[in-house]
Amino acid sequence: MSSRVFNIAFNTFREAVRDRVLYNLVAFALLMTGAAILVGQISIDIERLVVVNLGLTAVSLFGMVIAIFIGIGLVSKEIEKRTLYTVLSRPVRRWEFIVGKFFGLAGTLIVNSVCMAVGVFAALFYVSRHFQSADGWVLVGLYFIILQFLIVTSLTLLFSSFSSPLLSAVFAFSLFVIGSFSEDLRGFASMTRGISKWLATAAAYLVPNFSALNVISSVAHQNSVSGQLIVYNTAYALFYATMALSGAVLIFERRNLK
Amino acid sequence: MRASRLVSLAAGALLALTLTVSVLLLRCIDTVRSGAPLEEVLYVSSPKVLKRMSLGYDGLLADIYWTRAVQYFGGKHHSGVKRYDLLAPLLEITTQLDPHLLVAYEYGANFLAPAPPLGAGMPERAIALQEFGIRNNPDDWHLYYNEGFVYYTELSDYAKAADAFARGARRPHAHPFLAVMAGRMAEHAGDLQMARMMWSTTYDTTRDKSVKANAAAHLRALQVDEDVTVLEQINNRYHQMTGRFAGSFGELASAGLLRGTPLDPLGHAYKLMPDGRVEMAKKFPA
Amino acid sequence: MAAIEIQGLEKTYSVGFWRKKPKLALRPLNLKVEDGEILEYYGRLSGVDSKTVSRKASEMLERVGLKDSANVQLRKFSKGMLQRVGIAQAILHGPRVVFFDEPMSGLDPMGRREVRDLMVELKREGKTVFFSTHILSDAEALCDRVAIVHKGELQGVGAVAELTSSVGSRVELIWRGTIVPAALQGLGAECHVTGDTARALIPESSQDAALDALRRERLHLVSVMPVRTSLEDYFVQKLRPAQTMAGSRA
């Protein structure tokens with residue numbers, strides 16, 4: 001089983017690379033270089049702040065776009081082009097296909113983010129000429145962004161297992177936006193009353209909690225991130241991604257693929 | 001059992017399990033990060049930057065900040081914390097994002113100006129907030145009223161309060177009390193009548209629940225103030241007549257000074273203290 | 001896709017499978033054929049272990065005649081080449097049963113010949129090859145057993161000879177002259193006159209009566225020939241008015 005999942009994952013990664021997905025790194029490199037040079041010239045105190053803010057935001061947004069636009073095609077494209085039938089006529093279970101696709105895309109995003117992280121640190125070094133201990137929190141920020149990618153990837157897979165690519169993109173993107181305000185949503189739910197309180201609370205707990213995973217401005221201000229939060233966030237992202245993936249498997253397993 | 005059925009069952013069970021665990025984890029995260037969304041306020045150097053960053057969706061962002069402001073104040077108030085440092089920036093960001101969100105100005109006048117524990121104790125920033133509101137909504141009388149209200153209740157600057165009320169009274173559809181308040185500000189500055197009129201105007205015109213509740217509480221407090229003053233005067237007269245303070249309202253009634261037992265706004269009888277003071281039987285709930 | 005259960009085959013990996021519309025099935029995969037990547041991918045998914053998979057992949061490329069097409073991208077492949085890649089991936093892992101869905105459609109005569117040879121070869125290796133086709137001559141030439149499916153329903157199944165013998169065989173009579181005896185029409189003959197010869201197709205059972213009729217008219221008989229019944233005749237007889245499709249088994 002694991003070798004088949006690995007094969008599908010590896011093939012997904014290889015296809016993404018051949019689709020020139022990693023070219024976004026060029027755009028990212030240009031952005032970081034430009035920012036580092038410009039910021040280095042115009043301001044004295046906030047270079048570090050701007051580089052971290054801009055860098056991590058770009059890592060997050062580039063990754064989100066990749067996750068959504070590759071993710072929505074992972075299943076539907078294979079159905080449309082009929083390659084899925086060739087794969088499923090092998091002794092490959094449907095769930096192995098879904099799980100393999102997930103790991104393939106997640107792997108692509110992790111490789112992509114690691115390359116970008118190198119870029120962020122290079123720019124950071126360029127503007128401040130040395131590293132400091134607070135830069136370690138930038139790594140935590142990057143780690144949280146990767147956790148976000150795991151959640152978004154599993155969600156796009158979930159949506160693409162039952163709806164059209166365009167709708168899946170819309171769903172995934174709106175959940176990303178809503179999830180970024182999920183803490184406000186839960187606050188809002190606690191202010192309502194009666195049956196709408198139940199509904200709002202349920203919805204608020206169901207949407208992915210991206211706000212706790214976004215510590216960009218905090219680490220840009222050299223604030224630390226509590227170890228407790230790192231542990232909780234890791235567990236949360238893994239459980240949430242597993243949940244969405246189980247949903248995707250559940251739907252895909254029962255889907256009529258004629 | 002068919003293998004695919006088995007997979008479905010396993011996936012369903014996993015779904016339920018992971019859903020439960022992730023909700024529980026979310027609760028843990030929320031306790032670790034209580035108040036975290038507000039941290040942003042500390043990082044955003046100016047509301048103008050925020051407005052630009054919101055890419056034109058500033059109305060929605062204003063609503064989010066408004067919710068955060070209410071939650072921040074409500075949550076802190078509830079837990080008995082006496083400092084509300086972020087209330088002013090939250091309200092300022094809210095109104096800069098959406099200058100027409102009138103309820104935010106009213107909230108500022110009622111909860112930003114008063115001294116702790118009732119408010120953040122920042123009357124100047126409350127006034128500045130109203131000024132900003134007036135620049136953006138010159139025809140809305142509520143903002144002038146709010147401004148006069150802060151000048152009157154917190155700063156005791158009756159001339160400025162009168163000026164604000166007078167300007168407000170000239171706006172279309174202004175509440176008739178504004179003109180009255182402007183006229184009487186100078187002569188009756190600081191008396192109970194004036195305060196009562198002010199709070200009942202707030203009570204009648206607001207649509208915000210917490211502002212309304214706050215006004216009602218003030219009105220009750222004013223009622224108690226008035227009752228206590230009158231009852232203590234009566235008790236003093238009884239002291240002059242008999243050489244001692246009354247032990248019960250029955251004694252005052254039989255002396256012909258009072259009819260019946262006076263009740264406070266919550267419906268409880270007042271208490272007569274041995275030293276002649278009058279107190280409420282129960283404190284108002286906070 | 002319906003689950004297929006085959007008696008005596010518990011393990012699905014001994015089944016090879018290939019659907020038509022090969023362009024659609026292979027183009028989006030950004031895999032290169034020249035170094036056997038795509039074959040290795042499917043081979044691994046079928047449980048071929050990673051040590052032998054690349055050797056097997058290049059063997060397969062050789063076998064389907066794609067060895068010389070190195071350095072050509074998959075998206076530039078012709079339909080026939082894709083068809084061959086499809087067949088290669090279906091048989092790479094050495095299945096005992098292979099399913100082909102219209103393996104010869106869209107191929108030029110040379111391509112058809114190669115696919116036919118390949119199927120015969122597989123048959124000789126002792127493999128069971130299922131394939132669907134609507135070209136009945138292919139089925140007749142290749143198959144041990146055929147099944148006729150019409151509108152989703154099985155109309156008949158068996159060896160080719162069995163099926164054709166169930167339809168009565170016919171005889172062709174040719175004689176000189178343009179006269180067609182009236183007695184022949186009565187026997188249910190199809191008669192045609194071309195130039196100075198006439199021709200009639202009659203059921204084998206009425207052969208004697210027909211010859212008698214010709215003799216009575218003193219017509220000069222040129223030939224009497226039994227007509228071999230083809231699968232096509234069987235097919236046409238069985239489902240005369242309808243549009244047809246056949247599933248066959250080699």
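This is a predicted model: local features need pLDDT of at least 70, side-chain atom pairs count only at pLDDT 80 or more; totals for chains, interfaces and linings use all residues.
**The chain as a whole**

Chain C contains 10 helices and 10 strands. Of its 250 residues, 43% are buried. The accessible surface comes to about 13,500 Å², and carbon and sulfur atoms account for 49% of that area. Contacts between residues at least 6 apart in sequence were also examined in chain C: 65% of them join residues at least 24 apart.

Strands of a sheet pair through backbone hydrogen bonds, in either a parallel or an antiparallel manner. In chain C, 4 strands form an open sheet in the order β7-β8-β6-β9, and their pairing is antiparallel. Strands β7 and β9 of chain C stand at the edges; each has a single partner strand, so one side of each is left without a neighbour in the sheet. From one strand to the next, the twist averages 15 degrees.

| Strand | Residues |
|---|---|
| β6(C) | residues 170–176 |
| β7(C) | residues 190–194 |
| β8(C) | residues 197–203 |
| β9(C) | residues 220–227 |

Strands β6(C) and β9(C) pair in the antiparallel sense over 7 bridges. Within this pair, Leu173(C) stands opposite Val224(C), a residue of β9(C).

Helix α9 of chain C, comprising residues 207–216, packs on the sheet. The strands that helix α9(C) touches are β6, β8 and β9 of chain C. The direction of helix α9(C) makes about 10 degrees with that of β6(C).

Note on methods:
Residues are numbered from 1 along each chain as its sequence is written. Chains are lettered from A and ligands numbered from 1 in the order in which they are written. Side-chain values use heavy atoms; hydrogens and water are left out. Helices (H or I, at least four residues) and strands (E, at least two) are DSSP runs, numbered from the N terminus. Buried means under 20% relative accessible area, exposed over 50%, partly exposed in between (1.4 Å probe, protein chains only). Contact means heavy atoms within 4.5 Å. Accessible areas come from the Shrake-Rupley method with a 1.4 Å probe; for residues, only the protein chains shown count as cover. Two strands pair if DSSP finds at least two bridges between them. Axes are lines fitted to C-alpha atoms, for helices over the stretch in contact, and angles run from 0 to 180 degrees between N-to-C directions.
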